[in-house]
Amino acid sequence: MSARINRRRRIAAALAPLLCFSVDAIAQDRGQGEGPGPTALGSSGVAPVAVEETDIRRDAFSTGVLSETEGGFSRDLWAGASGTDLERLLALAPPRPSSPAMGRLLRRLLLTRAAAPDGAPSSLGGRKLLALARAGFVDEARTIASFSSAPPSDPWVNRALAVADLLEDDVAGACRREDRVTSDRGALFWVKLRVLCYSETDRFDSADLTLGVLREQGALSAADDALLTAASIPAPLKKPVAPRDAIQLAALRKLNGAAAPGFETTADVGVLSAVATSDEADPRLRLRSASAAAALGAMSVEALAALYASLSVNSDLTLADDDVLVDASRYQRIAEMAAPEFRRDKAAAIAEAVTAPQSFERAYVAAMLYADDVEDLEGVIVTPDQAGAFALVAMADGRANAAGRWLLAMMAGDFASLNEVQALRFLERVNLLGVLDPREAEIVAAAANVRIDPPRGLELDPASDRDRQRLAAIVSSAFNAATAGAEGQLALAAIALSNEAFTGDPVADGVAAASMKAAGLEDVHRRHAFETAWAASFPSAQAAADEPTLNGDADGFAPSLKPRN
């Protein structure tokens, strides 16, 4: 790391004017933004060597399950970081990472074994565990908590484990966590959970009274109100509800309610992972949740393959392309094409599986599932359409050189040989390759004698240009990290800046890119940029961009009920 100090300082110096301008512009030109809204809400197979190397007396933030040789970062990851800044950035870590690359980066950061910075607040470890649980890494959060020295009454550790309990449908376990907490009991999370706890023990009058206080203070979202009201009566839900956080999911399960269509576009990634792995959930709901979780970097290809192989589905010939069950059916059919004589048929089926989906989530999952198969198909004679599909798969897998070879195969040495539709697809994919690897894209573009045009981004809805104070706080943390050479804090700031609420914001995009570069994570930034550009090419992308979500913690800290007069 010391070898990069001078380079980071040069980058910090270049970044400083942008950051200073950004903070001033935010404060002076764009106002103070809206106030905070209501609170939104494994590694059980860790190798013995990881347990032996972990000092169980360390705080939860310093405790991890990944070493540098196991895919984590170095032990000095947090050197130079500010504990206060890290606490704020963890609180502002998006409950829905903006891309698979950002989701994977968040996991690596939070699971790395690395010492906390000097003077870090005691709540930092609990904040880390909460971010892990909300991101769907429940087993990892439990493992780290069991290794750490956090006291039994720690409010943030208990909150993180309560979220884990709720995601695993253990309301009673979450309620026991609340009983252990001796401070911060007025935080909205605990008060909302109390409604469920009272309902769980048939104390419906107490549940109703607590709900009334929440409603009086404007602390309930529409989903909160519908679910907690039904739980406190108790009564069946009048209509499906879209659960966003762990409390809402637990309430929906308690009421045997149905999730509203499209809930996977707004739910926390931990909720998506919980639904995807639930054997009791509807198969279509599981597949939609799994696709969304994978597209947020929270579900491995192994877990996806196991899910797709386990479902009982009809032949894809009887299913429409917009039925998510067709993805599982195709996967099972392609898995049976193991013999060499089926390679041509297998290539055609994989190309269809990748290009038929009308959403980024389903297309990205297909690219994950068939990446190894496509790599094995290199050298096989395929059609231009198939080669174009395989180029997408290679790009999604981060293999830019392979994507370039597939694009060259697509035009077979002569761009003029492509029909109009194929030519448009070729140009779109060369442009996407230019985001992932400009040099490789230039080689392909030169061979085809075409120009590279950057893909169009999403149009920023004015409603998403909000909460400028939070953006200013993140930008300030990035500036502090750049001047101190704090690589871990730079990476965490970039993740916070990738929040959906800042989609298309030039300040957020510019500072995030510079932060990733300063942290030595240019490859991750290129993957993120490619995934974002690919996602924006789908018709559903703009609609999703109109519904930004921020972590519900006000200014990065959990809101509490106001005292009643």
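Which side chain meets Arg 330 in a salt bridge? That was my starting point today. I'm working from a predicted model, so I'm keeping an eye on confidence too.

**Entry 1: Arg 330**

I looked up Arg 330 and found its side chain paired with that of Glu 352, with 3.5 Å from N to O. The two sit in distant parts of the chain: Arg 330 belongs to helix 16 (residues 325-335) and Glu 352 to helix 17 (residues 343-355), 22 residues apart. Arg 330 has a relative accessible area of 4%, so I noted it as buried, since the cut-off is under 20%. Glu 352 comes out at 36%, which counts as partly exposed.

**Entry 2: Arg 215 and Asp 225**

Another pair I looked up is Arg 215 with Asp 225, a salt bridge of 2.9 Å from N to O. Arg 215 is in helix 10 (residues 204-216) and Asp 225 is in helix 11 (residues 222-232), so this pair ties together parts that are 10 residues apart in sequence. Arg 215 has a relative accessible area of 39% and is partly exposed. Asp 225 is partly exposed too, at 26%.

**Entry 3: Asp 385 and Arg 425**

Then I went further along. The side chains of Asp 385 and Arg 425 form a salt bridge, 3.7 Å from N to O. Asp 385 is partly exposed at 36% relative accessibility. For Arg 425 I also wrote down 36%, again partly exposed.

**Entry 4: the wider picture**

How many salt bridges does the count come to? I got 23. Some residues join up in a network: Arg 142, Asp 165, Glu 168 and Arg 177 are linked by salt bridges. A reminder to myself: side chains of opposite charge can pair when their charged atoms come close.

**Entry 5: confidence**

Last, I checked the pLDDT. The protein averages 85, and 83% of the residues score at least 70. Residues 7-14 have a pLDDT below 50, and this stretch has 13 contacts in the model beyond near neighbours in sequence. The pLDDT is also below 50 over residues 554-558, where I noted 18 contacts in the model beyond near neighbours in sequence.

Key. Residues are numbered from 1 along each chain as its sequence is written. This is a predicted model: local features need pLDDT of at least 70, side-chain atom pairs count only at pLDDT 80 or more; totals for chains, interfaces and linings use all residues. Side-chain values use heavy atoms; hydrogens and water are left out. A salt bridge is a side-chain nitrogen of Lys or Arg within 4 Å of a carboxyl oxygen of Asp or Glu. Helices (H or I, at least four residues) and strands (E, at least two) are DSSP runs, numbered from the N terminus. Buried means under 20% relative accessible area, exposed over 50%, partly exposed in between (1.4 Å probe, protein chains only). pLDDT is the predictor's confidence in each residue, from 0 to 100. Contact means heavy atoms within 4.5 Å.
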